[in-house]
Amino acid sequence: MAIDPICGMTVDEASGLRAERDGQAFFFCSSHCRQRFLSTSTSVNLQETPQGKALYTCPMHPEVEQDHPGDCPECGMALEPKTVTAGSNGEDNAELRDMTTRFWIGAVLTLPVFLVAMAHLVPALGRQPWVDSHVARWMQFVLTTPVVWWAGWPFFQRGWRSVVTRRLNMFTLIAIGVGAAFVFSAAAMLMPGLFPHTMQHDGKVPIYFEAAAVIVVLVLLGQVLELRARRRTGSAIRALLNLAPPKARRVTQEGDQEVPLDQVEVGDRLRVVPGDKVPVDGVVVEGHSSVEESMITGEPFPVEKTVGDQVTGGTVNGSGSFVMRAQRVGGDTLLGQIVAMVAEAQRSRAPIQGLADKVAGVFVPAVLAVSLLTFVAWMWLGPEPRLAHALVNAVAVLIIACPCALGLATPMSIMVGIGRGAQEGVLVKNAETLERLEKVTTLVVDKTGTLTEGKPKLIDVLPTGGFDAHELLRLAGSLEQNSEHPLAAAIVQGAKQQGVALEAVKDFRSVTAGGVLGTVADRAVLIGKPDFLRTQKVTGLEPLETSARKLQEDGKTAVFVAIDGQPAGTLTVADPIKSTTAEAIRDLHALGLKLVMLTGDNRRTAAAVARQLGLDAVEAEIEPAGKVAYIKRLNAEGKQVAMAGDGINDAPALSEAEVGIAMGTGTDVAMQSAGITLVKGDLRGIAKAVRLSRATLWNIRQNLFFAFLYNALGIPVAAGVLYPFFGLLLSPIIAGAAMSLSSVSVISNALRLRSARL
């Protein structure tokens, strides 16, 4: 026996359809599955298990996993693929096809049963002798039997399994309710003598075949609608997967060879032609082009790529052509990591789900008890025919109380919400992070790389009397070529941009926490802090220090330069604030968050940035350990703290905060320590994440409220509490329709998050 790789069904190798790929044989249950396998030979699956088999899991119980389709042992629901594949439409699966077939055949057989059973309510038909004739009753029995025992058979299977495993669930109630209605009706028709005369009318006992058949059809309809809606929750991952091209052009000695993406290996040389998508992550080794990287940066402007530049899988090549060397493939690519993070987060459980789990744990036994009490009460106190009334109302209680809506309330919202965030470049690690973010009151941010671009730039060259700006920049830039300090890189880059020719350096020396010195064009050059220059016997720095204080108050960093033992001037370097930062801070303030900046930069520069952006507080000249201590202090004060950063030094603080937020432009360490990653490195993503968390948690509360309210009102009505006052009883048919619609309404409400404005 083999497993159909498309639908997961067991197939006899002797009789099943066959196809080969890469020397391996695959078997299929139908030509449809075989054709789909052949047509999707290039589909992208970045989340296969090591053996290449898909994993199946339950949307309500993500801890349940197996390598083949089936039913959840906890709740009885159909398991769904844990992995969403590119190109899948979300509807082509064996469970949905099976339920759809059962629904349509069941509906066709049920329609005449329902019409005959309800004919007595139509004045013109109610007096016709055939309405309650033996022929009509036998017709209902014959047509209802396949509806209940074939179309509804999966419900009985799941219901029986729930009893055997002592994990009672919604299918326990459906199986008991439908089975009781059918068995009672069959006994009433075949053996009416077993029933008391008070229940007989002209020797006939009332039958309820239409209730059993219609309930099965309605539950099947609910399953079909639910399965369709559940598949739509994977649209975000499918959209991400479809960013990757299905094939790549491998450069070989024989020429270019088109291969499926899953056959690309690290080290392969790949050609990317104009208009193509970059297949995997790698580095350009030949040619040049412009690549549109909005997938990562959010900016539509293309970025020039030449030899040595990194390119990312899923980005779009422009008009040029280049050859790249593959460095990360499959699930190791940035796109693969994003998909893996989103998929894992969608299956995680939020703490708020614990409430629903506790209720569901006692719900089914409680409903069975209420149904039994309903039966006893109607047998004891109800009007004649008591047995019929007792059965109908007990069945109505069982059917309307199915807890499916309660169980789906949280996971559906989580899946859709996290997928919606991924579309906006907000990657949430798990559902708990999303719930925590909703409660955050204080946002702590790092300065460099978070509020600012993280790339210092040379702003001004300010020589003292007797020195020329061009000469000052030439000598300073030449000396800084040998330094690895970020400020040195900014000075060198600034000199090159101004067309300054840099010269060789002799006797270069770097002093930690001080500066650098050396000889350029036979002139002694010193660059660094005032105290460092003084140790090198440089005097007369006071005027430069006075002007530097003003520069620092404007958010700039002053670098002092001395030439041949004399003060020569200052170079000012600044880390520009990101163009989107001011807007992001306004958004975050509007959301009611207090913003605090923690930075290792000097106090004057930090204060200038905080003042310019309107931050609520700032802590400067703080070490990584100090950031952790500061967050601990905020936590002790009862504040719910989120921390945003991008560097290795931010990782401890990100872990300490209630919610750590990593800028996607930062280090892998920061991203691994964070609960949320902003792919685009844009601070506005934090505002989006906060809105997402609030929208998702509000959606969950709506679902739980309506699920609780539905059961709180539905069960008493089904039990007949309105009958003594208004003479109203709830038909099991109406109960079945209400039960199915409750599940569909919960999923539909969750799907509204797909259009939430962030």
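User: Quick one to start. Which residue stands opposite Val303 in β12?

Analyst: Val291 does. The pair belongs to β11 and strand β12 (residues 303-305), which run antiparallel over 3 bridges. Strands here are DSSP runs (E, at least two residues), and helices are runs of H or I, at least four residues, both numbered from the N terminus. Two strands pair if DSSP finds at least two bridges between them.

User: Before more detail, what kind of model is this?

Analyst: This is a predicted model: local features need pLDDT of at least 70, side-chain atom pairs count only at pLDDT 80 or more, and totals for chains, interfaces and linings use all residues. Residues are numbered from 1 along each chain as its sequence is written, and side-chain values use heavy atoms, with hydrogens and water left out.

User: What is the average pLDDT of the chain?

Analyst: The average is 79, and 80% of the residues score at least 70. pLDDT is the predictor's confidence in each residue, from 0 to 100.

User: Where does pLDDT stay under 50?

Analyst: Over residues 39-52. For that stretch the model has 26 contacts beyond four places in sequence. Contact means heavy atoms within 4.5 Å.

User: Back to β11. Which other strands pair with β11?

Analyst: Strand β15 (residues 321-328) pairs with β11 (residues 281-292) over 7 bridges, antiparallel. There, Val284 has Met324 as its bridge partner. Strand β13 (residues 310-311) is also antiparallel to β11, over 2 bridges. Strand β14 (residues 316-317) pairs with β11 in the antiparallel sense too, over 2 bridges. In β14, Val316 stands opposite Glu292.

User: What holds paired strands together?

Analyst: Strands of a sheet pair through backbone hydrogen bonds, either parallel or antiparallel.

User: New topic. In what order do the 7 strands of the open sheet come?

Analyst: The order is β16-β28-β27-β26-β17-β24-β25, with mixed pairing. β16 (426-428) and β25 (617-619) are the edge strands, each pairing on one side only. From one strand to the next, the twist averages 20°.

User: Which helix lies across β16?

Analyst: Helix α14 (residues 431-438). This helix also lies across β27 (659-663) and β28 (676-678), at about 105° to β27. Axes are lines fitted to C-alpha atoms, for helices over the stretch in contact, and angles run from 0 to 180 degrees between N-to-C directions.

User: How many bridges join β24 to β25?

Analyst: 3, and the two strands run parallel. Met597 has Val618 in β25 as its bridge partner.

User: Is Ala617 buried, exposed or partly exposed?

Analyst: Partly exposed, because its relative accessible area is 23%. Buried means under 20%, exposed over 50%, partly exposed in between (1.4 Å probe, protein chains only). Ala617 sits in β25. Leaving aside neighbours within four places in sequence, Ala617 contacts Leu595, Val596 and Met597.

User: How far apart are Ala617 and Val596?

Analyst: 21 residues in sequence, but 4.7 Å in space, C-alpha to C-alpha.

User: Now α2. Where does α2 bend?

Analyst: At Thr110, by about 30°. Pro112 follows within four residues. The bend is the angle between axes fitted to the seven residues ending there and the seven starting there. Thr110 is among the buried residues of α2, along with Phe103 and Val113.

User: And the whole chain: how many helices and strands?

Analyst: 27 helices and 28 strands. Of its 758 residues, 51% count as buried.
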